[in-house]
Structures are given as C-alpha cells and as structure tokens.
Amino acid sequence: MLLKYGRLKKIHIKLLIVVFILILYVLVYLKLFNNDISGFNLPLKFENEFEAILGPYEAKIIEKLGNNGEPAYLWGDEALEGEKALKKFALNTILSDRMPLDRKLKDPRNTKCKDFQYDTKLKATVIIIFYNELLSVILRTIWSVILQSPEQNLQEIILVDDSSTDENLKGLLDYYITTRLKDKKVKIIHLKNRLGLIRARLQGARLATGDVMIFLDAHCEATKGWIEPLLARIEEEKSAVLVPIIDVIEANTLAYSTNGDTTYQVGGFSWSGHFTWINIQDEADKKKLTPVKSPTMAGGLFAIDRKFFWNIGSYDEQMDGWGGENLEMSFRIWQCGGRLETVPCSRVGHIFRDFHPYTFPNNKDTHGINTARLAHVWMDDYKRFFFMYQPGLENNPVVGDLTHRKQLRSKLRCKSFKWYLENIYPEKFVPDENVYAYGQVKTPFELCLDDLQLPEDKIGPLGLYNCHPYTAMSQFFSLSSKGELRKENVCAEVFSSKMVQLTECHGHKRDQYWVFHKNGTIYHPTSKKCLSSENIDIGKGVVVDKCKNTVYQKWTFTNINATAYN
Ligand code: UD2
Ligand code: MN
C-alpha cells in the first residue's frame, strides 16, 4: 500500500513537471507567434542616434511651406527629386519632409457650420493604421488630430504599425512620440506580422478605451471643428456610423483642395464591387448641413460608437490585405439596423495616391477575394452581378469559410439586400429588374454589343464583338424602363448624328432614348435612325443609320419582357 502510494506520488510529480513544461511551451509559443503588441521601450543608447537624425531633419523644415493648404513647391535639385519620388511612391515625399508637421489649414467648412454649438462630452479614440507610410506624413496626420480636437473630446490616439519594414517607423517614430508628443495621449503598437489593414484596425480597436472610435488613414489632415459634429451625432444616435467630407490633399503639391463648401458626394458602389462617389439624390438633402444618408462609405475615415462597433460585428476578420471591408461594413450597418451618414460640417483631407506604394504578400487579389466574401454573406441573389465580373471567385476555396459571418447575419436578424436597395439606394440601377430587356444584344451573325472593356469611369464607343459563350458583364446591356440602352452607369447616346457612344446616363436626355421594335430594330427616335452593324469591324463602334429593315439592323436580347415592344 505504502509502496503504491509512493509510486503514485512520483507519477504525480512527473505529471506536474510535464504539465509545467507544456504551459511553458504554450507561453513561449504565444510570445513568439501571436501578434501581441509590443509597446516601445527604447534602449537609452539609441537616444543620441535618434536625436542626431531628428534634429537636422527638423532644422530643414521650411516655415510656412504649404501654409493654409496652398500648393507648395521646391526648387532646383529638390524639385527634381520630388518628381522622382512622386513616380515611385505616388507622393512627393521630398516636399512632405520640408513642410511643417503642424501646418495651418484654412477652415474648409461651410460658414454656417461655424454657428453650430456641439456640446458633447464624448471622448474619441483615434486609430491610425499604417504600413510603410512616410514618417512626416504620419506625423502630420497625428499633429492635425491633436491640434484640431478639443482636449476633452480626445481620449487617445492609437497608432498601429502593420509590421512596416521601413526602419524610420520603428525606433525613430517611437522616439518622436516619447520626446515630441509627450503627454499628447499618443500610443503605438508594432504588429509582429503584417496583418493587412482590416485586422490591423481590429488590433487598434481592441485597445481603444474611448466612447467612440475614429479610424483614419495615415495620410490625413483633420481640420477645424472636425470631431465635434461626429461625436455629437453619435451621442444622439448610437447606431449612426459617420464619415466626414473627405477633401483631397494633392499628392504632388500637398495642396488641400475642396469642391467648395456646398457640394459634396456620398458613397455608392458598382456591381463589380468597387466603391464609387455618387451625387446626393434628394434635393432637400443637398442643402442640409446636418448628417445626410450615405449608402456606402469609402472606408478609411469614419467614426463609430465603440460598443456598437463590436455589437454589429466589427470587421470580417478573415478579410486579408486591402479592399472590400468598406462595402462589407456599409451593407452590414444598413441591413442590420444601423445608419451610415456623411457629416457635412466635419472635413478631413486625405492624400489620394495614383497607385499603392506598397505590395501585398503573395500578390493575392485581396480586394476580389474580400468582395466575394461580402457578396456571399450580404448580397443574396444580387451577388450574381459581382460574379459575372469575377466568375473565377464564385466557388473558389480561396474565399474561405463564411460560417461565422452568416451566423452573425442571422443572429442580428439583418434585412435582405433587396430591402437595402429599395430603401437605402433606390437609384441604384439593377440591370435585370424593371427593364424591358437585358442580356446579350446579338446580330444575326453572332456578333454582340460590347463595351470594349470600357473602364467604369470612362466614356467610349458602343462596340461590336464576337459573342462570348458565357454571360460576361462587358456584353450585358439593358433596355431600361426609361428607354435607355445602358450598362450600369453609362447609356448609349448618338453623337454627330451617326456615332453611338456610351456616356454617363442622364435619365432625361432624348439622345439616350431608344425603342425596341418587334421586327428586331433598335430605333432612336430623336435621329429617326436605327442601330446598325453594317460595315462595322469587330472591335469597333456601331452606328445609327437610316432604317432599312436589313439584317444589319436586326438585334435580339437574351431576355425580353413582354412589355418591351412598342
Ligand atoms: C480606401 C480607403 C482605405 C481602405 C481601402 C479599402 C479612404 C480614404 N481610404 O483606400 O482606408 O478602406 O479603401 O480597403 O477611404 N495599410 C496597412 N496595411 C496594409 C495596407 C495598408 O496598414 O497591408 C494602411 C495604409 O498605410 C493606410 C491605410 O491602410 O494608412 C489605407 O490604405 P490606403 O491608403 O493605401 O488605401 P486607399 O486610401 O487607397
Ligand atoms: Mn488612403
């Protein structure tokens, strides 16, 4: 008995040791592999080195350069270097380095905004994420937030370094914060692995303690009075997610430019899954200075109640890299009971770059994959249009598991995408709803109307091409209930009484009015001519011609509603 007891004791001890070692392993593993934050703790010996870099850099700043948001220029060699930098980084980095980090900007708001009193005590955590952004640009973003936000409304600024490889963004930035931004409530975390902007924002959000979180790209400048109307609106309506008017900071001269103080646009989307700017539809809304409904948001700059952010499903954590998260969040907010609004009295500048100055790991099309995820979860049957652009992603395992997001949707009892379209974005054109006819538009020779790969924001000829054996968006046209022969945003219009161009739809223009006859002609009443493929080479634009009832003027649509014929 005794012996047995002794042996048991030994086994216990051994077990304990094993468990202890296991725990140790887990701890070491977590420490090494998680994306735990590493706060900064500068080795003192580096301090002198950092000062030796920062001192001369600060001494070279040119006073009043870019003051009031005016366009700024450098001379001689630096001007040339600036041009090169613009080509390389889509940003004049040389100019930014010479410009004061706390430059003054004009107040871009509508003057009436200045009369509003916002009495809000809410505190915001401003979250700024970055990957290899220019140090001076990041610092200008931070300074603008500090200088333009009332002390009582700013809880903290959290910087999230998405594992940048640029050395300046490690020690030097930390050093700047400890020395130049002491007591300014600025915190920084350096992620150990690159997580992409969506998960980087989530990491920041997890540390936030303010009532409200405001996300900013790392190349922004906040202007006077930017934060108060955002906070005041959230105080009044916790489920309102808000975007400021996003002004343009020009990448070459860093000029702060606006569309004036009365006109601005809100967010829309294209069926290919891209964010677009759209005009406000409601005339009364156009004149309002109070928050205005926005169907979607651009994604980089927005304010949200912290608790509401988590309750409504934060972000889709399986979204990688860049892109798509903004439409996902926009649809989710509207469909699940929130509101998305643009606040015209809050304005923030953003440097719009012509290309991404960074690369993505593994060259993945993260925008496409992320959008496929949101299409599956939020767009119901309407996802058909997106997948016409991206057929390769429809059933592709790269899109990943969607169970959690679908569960979220049912848990929150979110409304359908149809509801969203009908109630929030009724002006959005649905290519196969409320139209006379849609699909491929064919000649008897198996040639089809084709947009000839016209970019979404451009105008160009209505082309002719070999019909594809599958439904491609480039050959998908609709004859709308208004008699437009159109794609998403462009309508066929007759120019110089012969040529047919795809140009922005106007809704009322007679030049964009077509009638489809039972005999297969597509008639243009204004010119009294018919759409014709006669003598048109493949890859060229079709024309209108005297109506002759020939085979060249015969067209068929894949789908026709009975009401189509006049
Ligand atoms: C727009 C948004 C951006 C984001 C994106 C879609 C605006 C003004 N900007 O593109 O915020 O919603 O659409 O996803 O609405 N970054 C990382 N890790 C990365 C890549 C980028 O932290 O792997 C940072 C980057 O440094 C920047 C921010 O994410 O601060 C947004 O990136 P961007 O400025 O290149 O995106 P943008 O403005 O073209
Ligand atoms: Mn940006």
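**Manganese site and ligand pocket**

User: Why does His350 count as buried?
Analyst: In this predicted model, His350 has 10% relative accessibility. Buried means under 20%, so His350 counts as buried.

User: And what makes Asp217 buried?
Analyst: The cut-off is again under 20%. Asp217 stands at 18% relative accessibility, so Asp217 counts as buried too.

User: How do you know which residues coordinate the manganese ion (ligand 2)?
Analyst: A donor here is an N, O or S atom within 2.8 Å of the metal. Asp217 (OD), His219 (NE2) and His350 (NE2) coordinate the manganese ion at 2.2 Å, so they meet that definition. Along the sequence, these donor residues follow the spacing D-x1-H-x130-H.

User: Let's turn to ligand 1. Why is the approach of Glu133 called a polar contact?
Analyst: The limit for a pair of N or O atoms is 3.5 Å. A polar side-chain atom of Glu133 lies 2.5 Å from an oxygen atom of ligand 1, so this pair qualifies. Arg194 has a polar side-chain atom 2.9 Å from a ligand 1 oxygen, and so does Trp322. Taken alone, ligand 1 exposes 740 Å², and the protein buries 92% of that.

User: Which element gives the most to the shell around ligand 1?
Analyst: That is α7, with 3 residues. In total, 23 residues surround ligand 1, with Glu133, Asp162, Gly323, Glu325 and Tyr358 the closest. The space that ligand 1 takes is the second largest pocket.

Technical notes: Residues are numbered from 1 along each chain as its sequence is written. Chains are lettered from A and ligands numbered from 1 in the order in which they are written. This is a predicted model: local features need pLDDT of at least 70, side-chain atom pairs count only at pLDDT 80 or more; totals for chains, interfaces and linings use all residues. Side-chain values use heavy atoms; hydrogens and water are left out. Donors are N, O and S atoms within 2.8 Å of the metal (3.2 Å for Na, K and Ca); water is not among the atoms, so sites may look incomplete. Buried means under 20% relative accessible area, exposed over 50%, partly exposed in between (1.4 Å probe, protein chains only). A residue is near a molecule or strand if one of its heavy atoms lies within 4 Å of it. A polar contact is a pair of N or O atoms within 3.5 Å; within protein, one must be able to donate a hydrogen and the other to accept it, and residues adjacent in sequence count only if both atoms are side-chain atoms. Accessible areas come from the Shrake-Rupley method with a 1.4 Å probe; for residues, only the protein chains shown count as cover. On a 1 Å grid over the protein atoms alone, a cavity is a set of points where a 1.4 Å probe fits but cannot get out, and a pocket is an open set with protein on both sides within 12 Å along at least five of seven lines; lining residues have an atom within 4 Å of a point. A molecule sits in a cavity or pocket if more than half of its atoms lie within 2 Å of its grid points. Helices (H or I, at least four residues) and strands (E, at least two) are DSSP runs, numbered from the N terminus.
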